[in-house]
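Please look over the sequence and the model below. A short report comes after them.

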Amino acid sequence: MNEMAQGFQRFSRDVFPTRAALFKRLATTHQPTALFIGCSDARVVPELITQTDPGELFVIRTAGNLVPPYTRGADGVAASIEYAVGVLGVTDVIVCGHSACGAMTALASGGDLTGLPAVATWLHHADVAKARTDAAEHLAGAERVAALVKDNVLAQLANLKTHPSVAKALVQGRVTLHGWVYDIGSGSAETLDTDSGRFVALAG
Ligand SMILES: [Zn+2]
């Protein structure tokens, strides 16, 4: 914890002054251009891997980058989506999976989650993805996890579309959805090509 407090001191003393104009503007404006939905995994740092400045990304991070389908009721993910798309007017939404995802590994391996009831319940939001991956019976081990990571991005994009704010923005052509998979070990990423339904190398 001390490391983080010292890190904040360094930020405040060394970094903040060099970006003073940016932070002055951000003090009174909040106009992110994209909503980034990624995994809570500590190795997936949205602003780092997209090289974006503070203020540019509205971020939701959940275990397994899961997006519960829309339901009425208290749901922090739904509220954040609604605010980002409906109020802030982000023009792009990225659902980003990643290699070696603990949540996807647990699902793919059928690990015992009886001691983790909240995790087990949460992961049901990936049931469709798991069913798709299960259908490819030849896959095993790391290949199976990698396939599930991709299937999960597809499933969460589908869940995203059940949110009224997203559905409305899509019909009005105000927002574009993107599916990414980030590879931690190589620092590369793939993006879903909506025409072919396949993931291809992410290029600018
Ligand atoms: Zn993960």
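## Basis of the model

This is a predicted model: local features need pLDDT of at least 70, side-chain atom pairs count only at pLDDT 80 or more, and totals for chains, interfaces and linings use all residues. Residues are numbered from 1 along each chain as its sequence is written, and side-chain values use heavy atoms, with hydrogens and water left out.

## Overall fold

The protein chain has 9 helices and 6 strands. These are DSSP runs numbered from the N terminus: helices are H or I with at least four residues, strands are E with at least two. The radius of gyration, taken over C-alpha atoms, is 18 Å.

Of the 204 residues, 37% count as buried. Buried means under 20% relative accessible area, exposed over 50%, and partly exposed in between, with a 1.4 Å probe and protein chains only. A contact means heavy atoms within 4.5 Å. Among contacts with a separation of 6 or more, 62% come from residues 24 or more positions apart. The protein chain exposes about 11500 Å², and carbon and sulfur atoms supply 57% of it. Accessible areas come from the Shrake-Rupley method with a 1.4 Å probe; for residues, only the protein chains shown count as cover.

## The sheet

The 6 strands form an open, mixed sheet in the order β2-β1-β3-β4-β5-β6. β2 (57–62) and β6 (198–201) stand at the edges with a single partner strand each, so one side of each has no neighbour in the sheet. The twist averages 30° from one strand to the next. Two strands pair if DSSP finds at least two bridges between them.

β1 and β3 pair in the parallel sense over 5 bridges. Here Gly38 stands opposite Cys96 in β3. β3 also runs parallel to β4, joined by 7 bridges. Gly97 has Val181 of β4 as its bridge partner. In β3, 6 of the 7 residues are buried. β5 (188–193) and β6 run antiparallel, with 4 bridges. Glu190 has its bridge partner, Ala201, in β6.

Helix α8 lies across β1, β3, β4, β5 and β6 and runs at about 155° to β4. Axes are lines fitted to C-alpha atoms, for helices over the stretch in contact, and angles run from 0 to 180 degrees between N-to-C directions.

## The zinc site

Cys39 (SG), His98 (NE2) and Cys101 (SG) coordinate the zinc ion at 2.0 to 2.3 Å. Donors are N, O and S atoms within 2.8 Å of the metal (3.2 Å for Na, K and Ca); water is not among the atoms, so sites may look incomplete. The donor spacing in sequence is C-x58-H-x2-C. His98 is buried at 1% relative accessible area. Cys101 is also buried, at 1%.

## Two buried loop residues

Val90 sits in the loop between α4 (76–87) and β3. Its relative accessible area is 1%, so Val90 counts as buried. Beyond four places in sequence, Val90 touches residues including Pro32, Leu35, Ala84 and Val175. Arg174 is 84 residues from Val90 in sequence, yet 8.2 Å away, C-alpha to C-alpha.

His163 lies in the loop between α8 (141–160) and α9 (164–171). His163 is buried at 2% relative accessibility. Its contacts beyond four places in sequence include Val67, Tyr70 and Ile81.

Definitions and conventions. The radius of gyration is taken over C-alpha atoms; the globule rule is 2.2 Å times the number of residues to the power 0.38.
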